[in-house]
Amino acid sequence: MKTTLPIQNLKCGGCANTIITRLSDLKYIQKVQVETAHNSVSFEYADGNSLEQAIKLLSKLGYPIDGENNPLIKKATSFVSCAMGRMNKQ
């Protein structure tokens, strides 16, 4: 199955790199793509459980899906994730 999720706090390629790297590490998530211009992430997933894991990981990284609570701590976490993505970009 494939989905596209609108996410919050997406700023740049550093954010995208972190999201792609971390979601791709999940066992049943494949073909992760991030569209910074549309604040969205697309990927293929095996079942509802793997989709839920991906949504939870996005939130943990500071990129909650649209409609999810987005407190200051998640916004701050997204800046850390972004910085990590910039440092790990090759």
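**Close-up views of the predicted model**

**View A. Ala46 is partly exposed, at 42% relative accessibility.** Relative accessible area under 20% is termed buried, over 50% exposed, and in between partly exposed (1.4 Å probe, protein chains only). The structure is a predicted model, in which local features need pLDDT of at least 70 and side-chain atom pairs count only at pLDDT 80 or more, whereas totals for chains, interfaces and linings use all residues. Residues are numbered from 1 along each chain as its sequence is written, and side-chain values use heavy atoms, with hydrogens and water left out. Ala46 is located in the loop between β3 and α2 (48-61); helices (H or I, at least four residues) and strands (E, at least two) are DSSP runs, numbered from the N terminus. Apart from its neighbours within four places in sequence, Ala46 is in contact (heavy atoms within 4.5 Å) with Met1 and Tyr28. Thr18 is 28 residues from Ala46 along the chain, and the C-alpha atoms of these two residues are separated by 21 Å.

**View B. Strands β2 and β3 form a hairpin.** Strand β2 (residues 29-35) runs antiparallel to strand β3 (residues 40-45), and 5 bridges join them; strands pair if DSSP finds at least two bridges between them. Glu35 in this view stands opposite Ser40 of β3. Between the two strands are 4 residues, and Asn39 in the turn has a positive phi of about 50°.

**View C. Phe43 and Tyr45 form an aromatic pair.** The structure holds 1 such pair. Its geometry is edge-to-face, with 6.2 Å centre to centre and 65° between the planes. Rings of Phe, Tyr and Trp (its six-membered ring) pair if their centres lie within 6.5 Å; planes under 30 degrees apart count as stacked, over 60 as edge-to-face and the rest as tilted. Phe43 and Tyr45 are both buried.

**View D. Lys11 lies over the face of Phe79.** The distance from Lys11 to the ring centre of Phe79 is 4.3 Å. A charge sits over a ring if NZ of Lys or CZ of Arg is within 6 Å of the ring centre and within 35 degrees of the ring normal.

**View E. Cys12 and Cys15 each have Cys82 as the residue with the closest cysteine sulfur.** The sulfur of Cys12 is 3.2 Å from that of Cys82, too far for a bond. For Cys15 the distance to the sulfur of Cys82 is 3.6 Å, again too far for a bond. With a disulfide taken as a pair of cysteine sulfur atoms within 2.5 Å, the count comes to 0 disulfides. Cys12 counts as buried because its relative accessibility is 16%, and Cys15, at 0%, is also buried.
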